[in-house]
Amino acid sequence: MTVFTKLLAGAALASLAFGQTMAATLDAHAAEAKLDASVSSADQLAWLKDFSSAPNHVGSPHDKQNAETTLALFKSWGWDAHIETFQVLYPTPISTTLELITPEKVTLGGQEPPVAGDPTSSNTAGALPPYVAYQGDGDVTAPVVYVNYGMPDDYEALARRGIDVKGKIVLARYGAGWRGLKPKLAQEHGAVGCLIYSDPANDGYAHWDSYPAGGGRPDHAVQRGSVQDMTMYPGDPLTPGIGATADAKRLTRETAPTILKIPALPISWADASKILAGLQGPVVTDKDRGALGMAYHWGGTDAVQVHLAVKSDWSLKTLYDVIATMKGAKRPDEWVIRANHRDGWVFGASDPLTGHGAMLSEAKALGQLAKAGWRPDRTIVYASWDGEEPGLLGSTEWAETHADELQKKAVIYINTDNSVRGVLEAEASHDLQHFVNSAARDVTDPETHASVLERERADILASAYDGSADDAAAVKAAKGGGDLLVGALGSGSDYSAFLQHLGIPAINLGFFGEDASSGSYHSVYDSFTHVTKFDDPGLVYGAALSKLVGRLVLRAADADVGRARYSDLATTVARYVGEVKKLADDQREKDKTREELTAEGDFKLGSNVLDPTLAPTAKPATPLIDFAALDKASDRLARSAGAADGVLAKADTLPPAVRAKLDADLRGIDQAMLSPDGLPGRPWYRNLIYAPGTLTGYGAKTLPGVREAIEQRRFADAVAYVAKTAAALNAYSDRLDAAVRDAKP
């Protein structure tokens, strides 16, 4: 054994992938060293400048050109690559109108102005005006009501003040929940239109100097986005559950449930301030107001009226997904999938091209390894998705088209999106928690030169000391010195179809925290200049991301047995069960308190005479719910997971045939967590452990069938999904128990 090999062996022992033999780990570390040497920030800077040089929205010439460039790069690196196309409904604005009618007529809206020193900010001839996709076209004139974030609690607060938004246009600020819920909830409450603006309290001068002096959102910047109701299903609104191929059977636009019915537009805080300045009614106080230098009022009177009109082109547009494959030498029918999307709202430099460039670096490095004679055991699939921004279109349509094959072959899906500088944020299926930690332990943070994992640990502990950490379990894990917790996956990026519809374990990664990218998010100013000046100068974190994800890909492709540690999942599920039980208890107690205070007249007596409020609306009382089946299934999962992990820890000592059988037994186990019925009211989402919340959007709801039924007071559903979730956990345990039996001599 050479000195170099001895050093590799020492590193391998320190970070032995769970369920992987020493020989496989040694081979992986040698490959990883070569991968690190191949990753180049200079490459990523060149790709970023080229890919973000013109508008990249779906249907734009440059979006297609970037697909063709990506295809050529993959082929030049030795990958078997092709472009797969889909035909999707994607509305683009023909005209947008926003006018203040009273107290005076003022034209608002329009394209963002150029910024000195940012060359692409004046290259907007091919850009679309600020808009939100899948709003409902219309032409309305009505009074305005300020609704804070426009979330359910805000409408309850308005109702207690006797303010009704029916027949009005609502003005909501970004934050506190997903964008698409704001016009959806406005529509459900009878509003005729919705305006969404970026308040400087959230991503402007309250945090940073305004661009170009700093990275914060300037006064006329607008956050575009999708308002498709992706909490029901993502992807093409006309083809739920099936791929949007040329001959697919389609719904009509009128019958597609994820398209809204009222017109909506995003606006800048400069325009919002002109509307807010004239609103009357009670003063908005405390957390319900933003950071503009004026008093906020709720409005609702004729003092301020706005004319809002949107007309769109509702034709089908072509998506261009680039799919690159490196066939596995030993297990070609097992797929490791790694992906990032490519389309943007305008130039998309940070979102998504920082992550896309990191992905290209990995693909180039793996291509060089292959040309030097290395081949992965499993097949590696790299994907450059189109159409993520409007509704996870490219990834969802590809996953739905190839659903049967993916459920048989895909062993893991690894996703990135935008990534800048700062601390690692990792979300994943919890049986992959140790897998993520092991890779993060082996990558160096560019600024601190500690490991990525240890910097994340330090950030959590420092935040706990400062009082800004709100996850007690994460703090406890950080203090323990072992693995850090990974977050639960909700939605907002391309892992959704793989995890939540098909039951394929997934990981989503990125670096965040020291950038000002939220100040340019979904605007004209998300540019090469902004990224390289404020978000990740030199793209040093882009290189770190490549090294981290590259390790995950290599280890997943070459591991002898799996990549999971099942006790991590069992521990997490037990925590979730405790949370839903506490939720029911706390809600029951709050119901009792509300009834008592209402009966005693305390809400009326304690109301502010300058801002009078009514008692909260009565709600159905939360009953006692029997969680015994869920408790029992969670306890069994802990025992089964511990036994399986014990076998996997000794995988290096098992005969090759037994290791192969063990791997086969555990492959596809995450599909046991799927319900054929899906979640209540949204059958596309079938995962009973992770889902995007119907009233949070991007934010995850864990044990969603139970948790949301309690929160939304659908108590019959809560009882039904306690049973269904317990059955899924037991099916998962059955698979673990069978694998343990097969591993015995």
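Reading a sheet and a buried helix

Q: In what order do the strands of the open sheet of 7 strands lie?
A: This is a predicted model. The order across the open sheet is S1-S13-S15-S14-S16-S18-S17, and the pairing is mixed. Strand S1 (80-89) and S17 are the edge strands, each pairing on one side only. From one strand to the next, the twist averages 20 degrees.

Q: Which helix packs on the sheet, touching S1?
A: Helix H11 (residues 393-401) does, and among the strands it touches are S13, S14 and S15. The direction of H11 makes about 105 degrees with that of S1.

Q: How many bridges join S16 to strand S18?
A: There are 4 bridges between S16 and S18 (residues 506-513), and the two strands run parallel. Within S18, Ala-506 is the residue opposite Tyr-413. S16 also pairs with strand S14 (residues 331-341) in the parallel sense, over 5 bridges. There, Val-336 stands opposite Ile-412 in S16.

Q: Is strand S16 mostly covered or mostly uncovered?
A: In a regular strand the side chains alternate between the two faces of the sheet. Strand S16 (residues 410-416) is mostly covered, with 7 of its 7 residues buried.

Q: Why is helix H13 described as largely enclosed by the rest of the structure?
A: Because 8 of the 8 residues of H13 (residues 433-440) are buried. They include Gln-433, His-434 and Phe-435.

Q: What do the buried residues of H13 pack against?
A: They pack against strands S16, S17 (422-428) and S18, and against helices H14 (452-466), H18 (540-558) and H19 (566-600).

Terms used
Residues are numbered from 1 along each chain as its sequence is written. This is a predicted model: local features need pLDDT of at least 70, side-chain atom pairs count only at pLDDT 80 or more; totals for chains, interfaces and linings use all residues. Side-chain values use heavy atoms; hydrogens and water are left out. Buried means under 20% relative accessible area, exposed over 50%, partly exposed in between (1.4 Å probe, protein chains only). Two strands pair if DSSP finds at least two bridges between them. Contact means heavy atoms within 4.5 Å. Axes are lines fitted to C-alpha atoms, for helices over the stretch in contact, and angles run from 0 to 180 degrees between N-to-C directions.
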